[in-house]
Amino acid sequence: MGRVYNFSAGPAVLPESVLKEAAEEMMDYRGCGMSVMEMSHRSKMFDTIIKEAEADLRELMNIPDNYKVLFLQGGASLQFAMIPMNLMKNGVADFIVTGNWAKKAYQEAGKYGKANKIASSEDETFAYIPDCSDLPISEDADYVYICQNNTIYGTTYHKLPDTKGKTLVADVSSCFLSAPIDVSKYGLVYGGVQKNIGPAGVCIVIIREDLIPEETAKYVPTMMQYKTHADADSMYNTPPCYGIYMCGKVFKWLKSIGGLAEMEKRNIEKANILYDYLDSSKMFKGTVRKEDRSLMNVPFVTGDKDLDAKFVAEAKAAGLENLKGHRTVGGMRASIYNAMPKEGVEALVAFMKKFETENTK
């Protein structure tokens, strides 16, 4: 069996050219006689790999000089604790809860201070983004937290909330590098890489230097202090070397196609193919309010659980993998990240049309 079209929400599809390049370098990285998996993280060779990866990411995202880029472990979920541990100076943070991961971050922050839920879309199973133009921001809030793209529910912020001067913190795990963003609008922006950038095991944190505390509460472990990693250029302990190497390759791939503006153009084109069909289909329906739709994750349903299950099974047999929706929404979900080619989305829509014809009485 050849390559399938992989619509998984993460770990997810990676660019084929990147995988081929990594395969060629697997046994012998650039004449050093060993794999990147085997080399010392203190070697000159790995030092070049991590520094180049950071430089390429800075260029792609146009990251200002007063922001640190940290390659960390623990996934995005560890940041649910690390952020309040480091940023809660007044012990207060405001949360806009638009999905599972924002909810988990909100609950976790409550262990370390006062977490305020200032807006939520839970009343409609997170099918929309609440109005964030005039939020009841707490006067003493250290930051306002959002999950920018909601992987499970397929919603995204097309406009950032008005935080009334408070620091904005955003989890961008499932929309990382899918389009240009203005980093200077955030105090901290972070994400796990296993959706759009690389293999699971790396979390990238981009943090404004003045937010990195010199001292944290006594209970905060050394490994959970941003200062530890910022001072050591992400090399305080052994970093996830191979994961960082793969991320670096994806950064180079993005640069080679024309950067994030070109990537956004391609992502819009791909998403439109699927959304246009969903809007015209009599069988399949998208679950998200149109103006809040994600370019990355597209949930849809038939309204019949048995039919949904049949669709997922037949799609899999046709080489369209991982289309089962998250258990909280049901139905289907197509994650169409950066590395998903347009042909994959076209193949999915062609299959959906065929399925609709065959299963309409």
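## An aromatic cluster

One aromatic cluster is formed by Tyr277, Phe284, Phe300, Phe311, Phe351 and Phe355. The model is predicted. Aromatic pairs number 15 in total.

Tyr277 and Phe284 make a tilted pair. Their ring centres are 6.3 Å apart, with 55° between the planes. Tyr277 and Phe284 are both buried.

## The Phe311–Phe355 pair

Phe311 and Phe355 are also cluster members. Their ring centres lie 5.2 Å apart. The planes meet at 85°, and edge-to-face requires over 60 degrees, so the pair is edge-to-face.

Phe311 sits in helix α8, residues 305-317. Phe355 belongs to helix α9, residues 342-358. The pair therefore ties together parts that are 44 residues apart in sequence.

## Strands β12 and β14

Strand β12 covers residues 297-301. It runs antiparallel to β14, and four bridges join the two strands. Asn297 has Ser335 as its bridge partner in β14.

Strand β14 spans residues 332-335. Met332 and Ala334 point one way from this strand. Arg333 and Ser335 point the other way. Are these four residues of β14 buried or exposed? Met332, Arg333, Ala334 and Ser335 are all buried.

Note on methods
Residues are numbered from 1 along each chain as its sequence is written. This is a predicted model: local features need pLDDT of at least 70, side-chain atom pairs count only at pLDDT 80 or more; totals for chains, interfaces and linings use all residues. Side-chain values use heavy atoms; hydrogens and water are left out. Buried means under 20% relative accessible area, exposed over 50%, partly exposed in between (1.4 Å probe, protein chains only). Two strands pair if DSSP finds at least two bridges between them. Rings of Phe, Tyr and Trp (its six-membered ring) pair if their centres lie within 6.5 Å; planes under 30 degrees apart count as stacked, over 60 as edge-to-face and the rest as tilted.
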